Structure formats: structure tokens, C-alpha cells
Amino acid sequence: MGGAVRNRNGWQRVVVEGAAILKGMAVTLRHLFRPPVTVQYPEERPRIAGRFKGRHWLTLYADGTERCVGCELCVIVCPSQAIYVKAAENTPDHRVSRGERYAEDFQINMLRCIFCGFCEEACPTGAIVLGRDFELADYRREALIYTKSMLQEPYPGASGRDPNREV
Amino acid sequence: MSTVTLTIDGRTVTVPKGTTVYHAARQLGIEIPVFCYHDRMPPLGACRMCFVQVEKMPRLQTSCTLEAQEGMVVWTESAEVVEARRAILEFLLINHPLDCPICDKGGECPLQDNTFKYGPGASRFVEPKRHFPKAIRLSPVLTLDRERCILCWRCTRFGEVVAGDHALKGHDRGYRTHIDTPPVTLERPSKFIGNTIAICPVGALTSAVYRFRARPWDNRPTPGVCTHCGVGCATWVDARGGEVVRVRAREKPEVNDIWLCDLGFFGYDYTNHPERLKVPYVREGGVLREATWDEALERVARALVRAAPRVGALGGERLTVEEAYLLGRLFRSLGSNHLDARADSRFAPSPRDWAWGAGPFEALDTAPGVFLVGCDLSEDYPVLWLRLKRALDRGAVGLAVAPKRLEVDGYLRCAVVHGYGGEADVLYAVARLVAERKGSVPGLLREVDVDASCRRAGVPREAVEYLAQCLVAAGPVLFAVGRLSWDGPEPERTLAAVQTLRAVSGGDLWLLRGKGNAVGAVLAGLAPDTLPGLVPLEDPGARERLRRLWGFEPPQAPGLGTPAMLEAAAAGELRVLYVAGADPARDFPDGSLWQRARAGLELLVVTELFWTETARQADVVLPALSSFERPGTVVNLEGRPQRIAPSRMGPPGARADGDILQLLGERLGRPVDYGSVEAVWEELRRAAPGLELDRPYPFNRPQPEVDVRPARPLEAEEGLVVVPASPLFRKGEMSARCRGLPDLAGSPVVGVHAQDAAALGLMDGAEVEVDVGATSARVRVAVTDAVLPGHLLVPVGFPEFPRARWAASGRLLRAHLRVLEPVGRESR
């Protein structure tokens, strides 16, 4: 068949290829009369898809203890090496998470993050979730290294994750 | 040796008779998973993970215990084997908590790895799991999680087979079986517990020091060499973000095999410590103030130029061998031979006659026996004890003569505890008896009166006779003279007695003394009367060699050793003293001499990591780098140079000793431009022929000769004779700054014989005030048979017992006890 295309003579080419151009122009023409999809951001807010991956939250259980146990699985899975975790040990007087271990320090470099969501998938306790917030711009690079206090949800369930869920 | 040929997975392999199927498979590159089997210990067959199928055998067989037989046909991947492994893993995981995310072993865990490779994807066990308390601190450095334990018995068998300290034991039966510490470990912490952490195939035993500080993938490992003692164990140093978080053993069969002692495992946190010196200090108007490097170096350089050649250098055990070489070269260029790396000893014989060091450690593997003379092997060189233990298990004879009972006494054929300073008497008596047994007593030995010697040493004649009998039966044993003798009142006489004994019984001689690179520093030239390579100062060939390398000849006149240097400083004849990584103010066993020397010095320069006693007394303090922070070569007791690589950056402002010496050389108008550490090493190799990477140095030992020296008359004095013994776990400037180690060291306890305790009205655990010299300390008493009556066992290396202030000048030290609390407040 390829041979047939190459062997077309001049008139045959005009007809076949002209039809293709007309077909494409028809699509363009059709869209010309549809309403535009451009969103007038920031005056107008975009519609966010249900599974959108935005900024990260470190979530809490309903009793206020942290889900994160500082296991660093997110660190090792992260393809852009954006996460830094330093673990510490819970003591009876200073209980931060369930179990023995918690994240004393947790940082995500938002300049490096590619929002792939691997960290959320790797997390054994469901501590880290990617939320819907995408407005992360800043004037200073340092401000884009999110620290633990910035990542932690302000109250259990604030990120949208059910605080009563086990994992 | 006869061999057998067998077939494994269709491939034929020929192995020596007695090889297990597991090892035969390994030889073919076939991997069989194991948990309980460890190739440094005999097989046990507890975990059942290594199942293989053997044709004509009814059931699956454990390959680690099964001896290969001629014509055996083995299958390691048959359906039955695969199913058995899945089942074993399912069983092992029934009660395992699967808390890998919070487990320190996660990421380097054989249970995790094997489950991934061979295990079932899911468990059918829905019942509640067995629970134990989590994270039990078994010791200041050891955490046990019994839920994770799979009862492979590696740790308990390590204590039985390898270390001999029985630090961990199985308790209880069946379902409740668990690992715990027997009472002996509570009394005396194990010195090798780090190894059980390393060989634990699950996360049951983890380090309390490393706990949660990093995961395996965070760590950047660099090869290092432990410098806490002189054995020079090869290590991996794991650093995370510029912090050393863990030290592991690096396999080196010639030195440490795969083991480390706990000082090596846990003695790293000092390098991360915030109290590290970060800026130079100079003394101005009587006080030390911060200064710039320019200012501090200028002051040192000016003082050196003004005082040369009346300048000296001390220390070297914490330098690399290259830095020691540079230090020697710099001071020789100033016309001074006043160099000594042995800064913590009064006994400074010429290193060409009595070079500290050992033959190859591997000699232990074939020696018919070992004779420890004042050598507390497990406290001073613990990893060497593991090698000796292996030799004793093989049938070598262990003999010992020491002023205290050694921890490893139980493994020795005969161990004699004598009165302090009596080892020479015991050795002469043994020599006489051995000669008698062999039928010819050399003339000089006839002077030795066995009964009188035994009386002087406080040892029954029967013990000495048995010792002689064992020695004759053993043949030419290896004599290891240790620190208890070097530090004793008459080290020269002890060495003469060892030589005499060697002359009648035969055998090699090891002189075990010095930490870190101490032997290497002497080899590199930090000795007053030898040039690099232990060559005599006047040797024309060596002088010519150095003239070609250096462009000048080393000065002719022999220099002064440490004690003589301090005497000269006290007399005002030595003006400047450069102390490189040593603390003579605390370690030199004659503090009053040090004080006079300090007062007589125009300038005392110290390169240090912390504010040590010497640093506080110095005129210029230069912040240096630790052995984790600089490249170079470290030489162990065998004279074996091993490379180290920096695993972290030092504190900003601190500099490596080698760099300090180079900068100083520039200021002194004697620039020595080396592009790299390797360039220094290459020059040192040419200066000291025989020094080769990873080869033991061929030390010359004096030929044994009969040399009977008269005993010194006994002093009749009041009080108990002090037996200073340095335990492995101390509270020195460095070890006190390592997490876990101060707790292992505990508070010092003095040992009193039961007779003296009864006379003083003391019970075990009593509190007393001990006066030694001008010092006094409140400590607890242990009633013990570790020393003879009339003696007091005093642990050195604790701030309570500042040895430098005892002022021992060759006499026996006496201690006086005042009882504060005759019965211990808490019974132990």
C-alpha cells in the first residue's frame, strides 16, 4: 500500500492530501465556535481534578499523634531526592508518634519535587499525602524547602485524610 | 587431603572431605539462604532455612550441617525445597512484628532479604501475635527486641565460641524462649557485644548508639582503621550528612577477621562532638585567647627558630604515619633529635633494641602456646584476644604471669598472680625450673633461688612449678609482654627475665604497648636515637639516604626520650615542646616531673581535638582533625600500614596535623612541598625500607640471652600496693565524649583482697576514700581475688584517679583507705 501512495500521480495527490487538510481545518473551525478553555487565573480559580497531586501534608491520627514514624521509605523512593528525614526515639514523656520512632526533622525541597506521588505510595502509615494546593511559588529558594512545621497538617483531618483511618 | 565429588543442581564439584554441602554449593556459586549458620562458628542447624533435597535421603536435609559425601546428588531449587523455604519463612514470620519501617535493621536485614527472595507473599496467620516488651536496653549500647528474634542462636554462640564471655544466653523454654543477659554480664559488660549486633540476622539486637540515626541508604561508607588501641582493626565508617553515625568491622582476616571490640564499634561520637576545638588559641598575659592561624603559627615558628636546636616533639599515636614522618623531618631540620612518640611512658629504651610491636598476628594461629607477661590482652588489645581464643580452642597452651587476675584466666592452662613488680622473680624462677627440667642450667641461672623468688613475688612454689611444667610441655611459646609490666616498677628487669626465659625455652617475643599509630610513629622516625625504619642514628647508609631525600643530614647527637626531655625542660635546657595529639599532663606517669617541665618551657605547643589537661597548660593550642577526618596511613602493632580515608569534614577552622606541619615548615623557611599524602608516603617508603602497605614490618628482636639481674630490696611501707590497671572502657577525653561508652565504663571501683577487706572491716560495695600520692578519691570497693593480699587494684583512665599526680618514680605506690561506709548502700 505504501508503494501505492508513492506512486500517486499529481492529481491523485491533490485530491487525497487536500481532503486531509480540509478535515483538519474542519476541526479548527468547529472549535472556533466553542467557548474557550483558558482560565483567567488568578482572578478565576481552575477546576482541580479529583486525583490531582499538589503539595504534601504530613497527617495526624485523630488523637493528634503523628502518623510519620521516620522510616525514610519516602526518602529512598523519591526519584528527585527531594526529601530529608531525621528520625528520633519516642520517650514516655515525649510521645510524638505511635511506636518507637518518629521524624524529628522532615523536609521536602519543593524545588526538586516532581509531584510523582511515589512518597505517598511508599509510606507504610499513610503519613504523607499529596494535597490539592499547587500555589507554591515564592521569591526565595530557601522558602521552598518545606520544613516539618510547614508540612504538618494544622489539625487532624485538615488535609482531607480521614484521621480515623488506620493506614 | 582426601576429597569427595558430589553433584549439586546437576553440576559436579570436588571438595575436601569434611566440607558441608552448604560450602560445596557456595564453591559453585549456588546461594543457599541461611539464618543460624555463620561461617566463623560451627554449624548448628537451628533455623532450617538451608534445606536441600538429597537423592536417596528420605527427608529434606539442612545443608549447613550435612557433610558432603562421595557421589551425593543434591538439589537446591527443587519444588520441594522451594516450598519448604516458603513454609519456614512463614513460620519465622508468625510472631515477627513486621515493623521493618521502624527497625534499624531494615534495608540490610537478611530476614527481609530472604523473605523477599524465598518467602510467601502473605501469611495465613490471623491469630494475635506473641508480644514481648519492645526495645529493652540490655546494656548501655545494646537494645533487644525479643519480638523480632528468630532464635537463631548466633549471638549466644558468639559469646560461647568466639568471645568466650557468655554475654547473652537463651532463657525460658518453647514458646517463651528469649535471649537475655546472664548475671555475669551485668557485673562486667561484654567487650564484644557490637559483634552480636553485626551478626544478628534480624533486627533483634540493635545498637543503642546508632539507634534511629540513619537508614542504610543514608550512609556513605568509607574504609577506616580503628585507632583506639594498637591492633588496627579495619573498619567501615558510615557517615550521614557530615556526621559519623556508625562504625562497622571490615573483613581483614590477617588483623581483625570480621570482628571489632566495643570501643571500636561505639567509640566514634567524639569526632562529632560540639566541644571540638575550632580555632587556635595563644596565651597572652597568662590566659589563653582565640587567635588566627597566622598569629598562632607565627608565634610557634618564631619560638622554634629562636630556641633551635633546643626544641623537642612528643606524641604520634594519633598522627598518621605520614604526619609523624613530617614532624620528625621538621624537627631534624631544626637540628634536634629530641623526638619521642612514647609520651605516656617512663620506660623509654632504644626502639632499635626494644621496638614496641608484635610479629604478624597470624603467628598466633600456629603458635604452640602463648605466655602473657603482664599483658591484660582482653582489656588492652581485645580483638587480639579473639585470635588467641581461637588458638586456645585449637589446642594452644595459654600461660600468664600478671599482677592481677586476667579476665580470660579461665581459658588459660596456668595463670599466676604475683605481687606487684614480682613478674621478673616469677620468670627467673620459671626459667631456672625449665632449665632444670631440660637438664642443663646455664651458669648465671644457678644464682636464682626459686624459693626466695617465689617468696618475694608472693607466689606459692607449686604454681611456679606447674607453670614451668606447662611451658616445657608446650614448647617454644610466644611471649607477649604487656602494659602491666611496662608500667611496672622494674620493666628493664622484667625484659631481662623474659629474655632469660626465652633463652632456655625458646619462642618469639611480642612487646605490646601503644595505641593507634604509636608503633608507626616510631617507625617513621619519632624516636630520639633512631632514624625512620628503626635504623641507628649513626648508620651511614641511612644518613646518606635521608640526605638525598631531605637535602640535609639529620643531626648527629642522639636526642632525648620522653622522660629525659621533660628533665631537660625542667632544667631549662629544652625551650620549646611541640606535643602532637598527646596528653602527657594526664598520661605521663610522673606528674611532678611534667609540672616542672611545663614551668621550665618557654613555649608549649599542643595540637588537640579537645581541651585536654595539656591543652589547658599550653601556650599555643592548635585545633587538629580526628582520624575520621583526614586521609593517610596508620600502622598497627604488627607494623602493618593500612590506608584510611576521611569520612567527614572536620570542624571548620581545624586543620590536619600534616597541614599544620607543612604551614609551619613554610614559615620556618624549610618548605616541604608534597602534592598529596601519597607523595609523603612514597618518600617515607624510601626512607624506611621494609615499610610496605598491608605488610607487617619485619621487626628485629634481640636474641634471647641469659641475663640475671639482682632483685631490688623490698620496701617495708604502710598501706596497700597500688596495681594500676587500665580497663578497656575508660573515661578519657575521647571516650567520655562517645555516647554509650561512659555508661559502659561506669564509675571506677577499686579491688581489695578478701583478707584486707576483713582487716579493714569492709564489705563488697563499701564506700571508701582512697589516698594515692597526693590525690584522694571517694570510690566503691569490690572484694575480689583479682589481686594478692596487700594490694589494691586501681582502674586508671578515670578522672577520679589522675595518674599523673601519683608521682611514681620507680617505687611501689602505696594507697591508704579510709572507710566511709563499710557496707554498700545498695547490694549489687
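The model is predicted: local features require pLDDT of at least 70 and side-chain atom pairs pLDDT 80 or more, while totals for chains, interfaces and linings use all residues. Residues are numbered from 1 along each chain as its sequence is written, and side-chain values use heavy atoms, without hydrogens and water.

Chain A contains five helices and five strands, where helices are DSSP runs of H or I of at least four residues and strands are E runs of at least two. Their order along the sequence is α-α-β-α-β-β-α-β-β-α. The radius of gyration of chain A is 26 Å, whereas a compact globule of 167 residues would have one near 15 Å. This radius is taken over C-alpha atoms, and the globule rule is 2.2 Å times the number of residues to the power 0.38. The C-alpha trace of chain A spans about 90 × 40 × 35 Å along its principal axes. Buried residues make up 35% of the 167 in chain A, buried meaning under 20% relative accessible area (1.4 Å probe, protein chains only).

Chain B has 27 helices and 35 strands. Its radius of gyration is 29 Å, close to the 28 Å given by the globule rule for 828 residues, so chain B is as compact as a globular protein of that length. Along the principal axes, the C-alpha trace of chain B spans about 85 × 65 × 60 Å. Of the 828 residues in chain B, 63% are buried. Among contacts (heavy atoms within 4.5 Å) in chain B between residues at least 6 apart in sequence, 73% join residues at least 24 apart.

Conventions:
Chains are lettered from A and ligands numbered from 1 in the order in which they are written. Buried means under 20% relative accessible area, exposed over 50%, partly exposed in between (1.4 Å probe, protein chains only).
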